[in-house]
Amino acid sequence: MLNTAVKAARRGASVISRASFDLSQIQVTNKKQNDFVTEVDQAAEQAIIEVLLNAYPTHAILAEESGASANLHDDNEYVWIIDPLDGTTNFIHGFPQYCVSIALQQRGVITQAVVYDPNRNDLFTATKGGGSFLNNKRLRVTKKDRLSDSLIGTGFAAREKNKEALEEYMKMFQLMTMSCQGLRRPGSAALDLAYVAAGRYDGFFEKELQPWDIAAGSLLITEAGGIVGNFSGESDYLYKGDVIAGSPKIFAQMISLLGAFA
């Protein structure tokens, strides 16, 4: 199943990479304020789904652009959770920070994960109980034990930015900036989570994400020895969308700092 997911991710990435050579030709649609979809997102998603359903025609699909397949219901044994292009805004500006994210949820548990960055040819993979890998090299989260020495990733949800949400985010941003060594906001949550698994970040936080932003990255982190939770430190983050992730010691310090925003 992981091999099939890798094949699907590479197929989707090939659609994206071809389109990246002439961004001026891409049709962009504004789903809502600061949330874009392109024909490339849709074509990549169809390419991914085709590979997955060719191999597993009875499996259900939950994808960013096409939504839930007709056979998706609470009793599904297998559900593929797909973000064909996480970081669409970056992509349409030619900013090379985006990825394909594919996860398999089996009876409510994420069991397979692929995050593929076509710009760097970085292939992050994980199987539940089998570890996390970057291009076949085993991953472990960072060994940092102090938040003040840590590099932290974050994001701001693509939504209509009301004043209250912006004010809350700026409070979190200020608090974390004063508490860590550096704060980064590149704009692709799935890739940010993969970076936590790889030790490139020591931690990550963001609110109002979608399951396809989180699913693959969360397994990469836990299989690399890290922790993922909501802002209260609990494990019901996948469909609620508020996420804190990091190595165990950094995770605990982030929860202590940001728990008031739960």
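Mentor: Contact means heavy atoms within 4.5 Å. Helices (H or I, at least four residues) and strands (E, at least two) are DSSP runs, numbered from the N terminus. This is a predicted model, in which local features need pLDDT of at least 70 and side-chain atom pairs count only at pLDDT 80 or more, while totals for chains, interfaces and linings use all residues. Residues are numbered from 1 along each chain as its sequence is written, and side-chain values use heavy atoms, with hydrogens and water left out.

Trainee: Which residues of H1 and H2 meet?
Mentor: From H1 come Thr 4, Ala 5, Lys 7, Ala 8, Arg 11, Gly 12, Val 15, Ile 16 and Ala 19; their partners in H2 are Val 40, Ala 43, Ala 44, Ala 47, Ile 48, Val 51, Leu 52 and Ala 55. By class, the contact of H1 with H2 has 13 nonpolar, two polar and two charged residues. Here Ala, Val, Leu, Ile, Met, Phe, Trp, Tyr, Cys and Pro count as nonpolar, Asp, Glu, Lys and Arg as charged, and the others, Gly among them, as polar.

Trainee: How is such a packing described?
Mentor: Two packed helices are described by the angle between their axes and the distance between the axes. Axes are lines fitted to C-alpha atoms, for helices over the stretch in contact, and angles run from 0 to 180 degrees between N-to-C directions. The axes of H1 (residues 2-20) and H2 (residues 39-55) come within 8 Å and cross at roughly 155°. H1 is therefore roughly antiparallel to H2; angles under 35 degrees count as roughly parallel, over 145 as roughly antiparallel, 65 to 115 as roughly perpendicular and the rest as oblique.

Trainee: At what angle do H5 and H6 pack?
Mentor: The angle between H5 (residues 189-197) and H6 is about 5°, with the axes 8 Å apart. That makes H5 roughly parallel to H6. Among the residues in this contact are Leu 193 and Val 196 of H5, and Ile 214 and Leu 220 of H6. The contact of H5 with H6 divides into nine nonpolar, two polar and one charged residues.

Trainee: How many residues of H6 are buried?
Mentor: Buried means under 20% relative accessible area, exposed over 50%, partly exposed in between (1.4 Å probe, protein chains only). Twelve of the 13 residues of H6 are buried, including Trp 212, Asp 213 and Glu 223. In H4 (residues 163-179), Leu 166 is partly exposed, with a relative accessible area of 39%.
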